[in-house]
Amino acid sequence: LANRIVEMFKDPGSHVQYLNSDQFARDILKLNSKVRPILEDEPRVAFLQSPAYVFGDIHGNLEDLHFFSDNIWRLGMSLTAGNFVFLGDYVDRGMSCLEVVAYLLSMKLLLPHKVFLLRGNHETRDVNGWEEHYGERSFIYQCRSRFGDDLGFRIWESCNQVFDRMPLSAVIDQDIFCVHGGIPRPVTDLAGITTGSRIQDILKVPKVAGINPPYEHEEENVQQVASDCIWSDPASDEQEANGVDEESGFGESLRGGGAICFGHKAVTNFLQQQGFSYIMRAHEAHAEGVAVSKGARVFTVFSTSKDHNQGSKAMAGCILVDFEKMHVINRSPAYQNQYVHRRDSVSLAMLSEAEIKERMRLGLITQDQHNEEEYEEVYEEYDEEEWDDMSDDSSAAGDDDDDEDDGSDEGYILDSGRNSTVDPVHTVASPLGSTHDNHDVWGTESGTAQTKIDFSNVEMSNRKKKRRQPRFSSINELEEEEEDSTVEGDEDNKDLQPDPREKSEGYRRRSSGENAMKT
């Protein structure tokens with residue numbers, strides 16, 4: 001079952017008929033029934049060791065996911081050293097939501113202790129079922145349009161039952177806190193006294209949680225913790241000055257709808273309380289794929305370059321946490337793979353109009369939103385033989401239906417009449433004025449302006465040092481190189497200035513950023 005879906009992922013163009021078949025629908029249902037107990041057995045905070053690759057939002061973008069597959073786990077995840085942490089938001093916005101979900105759940109089934117799938121705000125029914133807002137790019141629309149209303153709704157609900165069981169956060173090397181949105185507010189008792197650490201609060205979230213909307217068994221304070229994990233954002237400079245509570249460090253997010261933001265004070269308190277050094281999160285679009293904020297203690301990772309108004313030069317990024325170092329890996333806009341970006345490409349000459357439309361519906365052909373002259377500078381057409389065999393691979397059937405998910409989730413009842421902590425209807429994505437707001441630069445028609453990631457002015461925290469544990473050093477700004485870099489990076493930039501707080505510990509984590517990978 002999982003291997004059939006992995007083969008589809010390697011060459012979706014030759015599996016078009018399978019992707020539209022009842023066999024694919026049955027495979028998704030069976031896959032969900034197998035992955036559901038695996039996720040339910042995991043704690044709400046996953047603990048793992050480096051090396052680890054950390055990925056942000058994917059949003060149904062199979063092309064950018066293929067970039068990472070082609071360049072990070074080319075031999076397969078099982079033969080690639082390290083763990084893989086995905087920070088959520090696998091669906092909506094992109095046109096290949098079903099393929100992305102099927103592939104990632106297949107890898108979780110094959111490598112349950114190596115692949116970690118965290119939950120994002122789009123892994124909730126209120127968001128991925130919001131067809132009125134996302135239209136054909138909503139997850140529920142793609143399920144129903146592909147398989148019909150009845151079977152499509154059954155697949156959508158079955159996937160959401162898997163999402164209900166995803167962990168909310170992860171901790172790498174007892175040092176880096178990974179989450180989709182951000183840090184939750186402390187849980188207090190009736191007297192206003194904090195009842196425990198934030199990690200303990202997250203661990204108390206039920207192993208099956210609807211969040212938006214909640215199940216009947218979800219307590220209000222626990223639902224707040226879960227909502228904060230998937231919805232919160234770093235406070236902008238203006239919010240730090242005027243909108244953040246001086247004592248707690250939290251305030252109302254520019255996203256609206258009841259979402260919260262966290263400022264310098266909240267970050268410092270959280271890191272000191274838990275003994276961590278850094279926070280890695282997703283949730284906000286950034287044209288360079290990776291951004292830093294809050295004194296370079298909060299990293300935002302975004303792993304899709306499309307569908308977020310970031311311009312034609314936007315990059316998809318991820319971070320490799322590699323013991324004493326961190327590496328930033330970005331996809332250059334010039335990177336090419338098997339996907340076709342123009343309706344008049346020679347590689348489509350042998351296809352009928354109906355076949356072209358079907359591949360566009362699956363996200364395998366993407367009509368560019370920018371003018372032809374700009375696009376010609378970045379992309380070249382593929383050789384005809386790369387896409388000359390577009391027949392389906394219908395020989396992938398064979399599993400029986402014994403394990404097929406019946407779509408029910410006994411014992412758990414959604415409380416649709418109860419208000420969620422965050423109301424998605426009144427939220428906006430990557431709002432203007434937020435920490436990584438690029439709307440003024442990247443929302444223009446040209447989309448060619450460049451920004452620099454600021455690694456300077458690292459705030460010194462007074463947290464208690466851990467013995468025998470490698471630490472991250474201060475991060476200094478790297479000068480941008482004119483020539484192209486690779487994943488391995490420039491040797492001259494690898495050793496950065498050590499943190500003066502921790503000279504006595506012998507070795508340090510360092511951060512090195514690699515620019516766009518190009519072929």
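Which residues in α1 meet which residues in α5? In this predicted model, Ala-2, Asn-3, Ile-5, Val-6, Met-8 and Phe-9 of α1 meet Glu-99, Ala-102, Tyr-103, Ser-106, Met-107, Leu-109 and Leu-110 of α5. By class, the residues of this contact are ten nonpolar, two polar and one charged.

**Two helix pairs**

Helix α1 covers residues 2-10 and helix α5 residues 97-110. Their axes come within 9 Å and cross at roughly 135 degrees. An angle of 65 to 115 degrees would count as roughly perpendicular and one over 145 as roughly antiparallel, and α1 and α5 are therefore oblique to each other. The crossing of α1 past α5 is left-handed.

A second pair is formed by helix α3 (residues 22-40) and helix α9 (residues 149-163), which pack with their axes 9 Å apart at an angle of about 20 degrees. Angles under 35 degrees count as roughly parallel, so this description applies to α3 and α9. The crossing of α3 and α9 is left-handed. On the α3 side, the contact is made by Asp-22, Ala-25, Ile-28, Leu-29, Asn-32, Val-35, Arg-36 and Leu-39. On the α9 side, Leu-151, Arg-154, Ile-155, Ser-158, Cys-159, Gln-161 and Val-162 take part. The contact of α3 with α9 has nine nonpolar, three polar and three charged residues.

| Helix pair | Axis separation | Crossing angle |
|---|---|---|
| α1 and α5 | within 9 Å | roughly 135 degrees |
| α3 and α9 | 9 Å | about 20 degrees |

As background, an α-helix has 3.6 residues a turn, so residues three or four places apart point the same way.

**Helix α11**

Helix α11 has twelve residues, 220-231, and reaches 16 Å from its first C-alpha to its last. That span is close to the 16 Å expected at 1.5 Å a residue. Is α11 largely enclosed or exposed? Nine of its twelve residues are buried, so α11 is largely enclosed by the rest of the structure. The buried residues are Val-222, Gln-223, Val-225, Ala-226, Ser-227, Asp-228, Cys-229, Ile-230 and Trp-231. Their cover includes the helices α6 (125-128) and α10 (198-203). It also includes the strands β6 (176-179), β7 (233-234) and β9 (260-262).

**Gly-295**

Gly-295 lies in the loop that joins β11 (290-293) and β12 (298-301). Buried means under 20% relative accessible area; Gly-295 has 14% and is therefore buried. The C-alpha atom of Gly-295 is separated by 9.8 Å from that of Val-267, and these residues are 28 residues apart along the chain.

Terms used. Residues numbered from 1 in each chain as written. Predicted model: local features only at pLDDT ≥ 70, side-chain atom pairs only at ≥ 80, totals over all residues. Heavy atoms only, no water. Helix = DSSP H or I, 4+ residues; strand = E, 2+ residues; numbered from the N terminus. Buried < 20%, exposed > 50% of the residue type's maximum accessible area, 1.4 Å probe, protein only. Expected span 1.5 Å × (residues − 1). Contact = heavy atoms within 4.5 Å. Axes fitted to C-alpha atoms, helices over the stretch in contact; angles between N-to-C directions. Left-handed = near helix turned anticlockwise from the far one by under 90°. Nonpolar A, V, L, I, M, F, W, Y, C, P; charged D, E, K, R; others polar.
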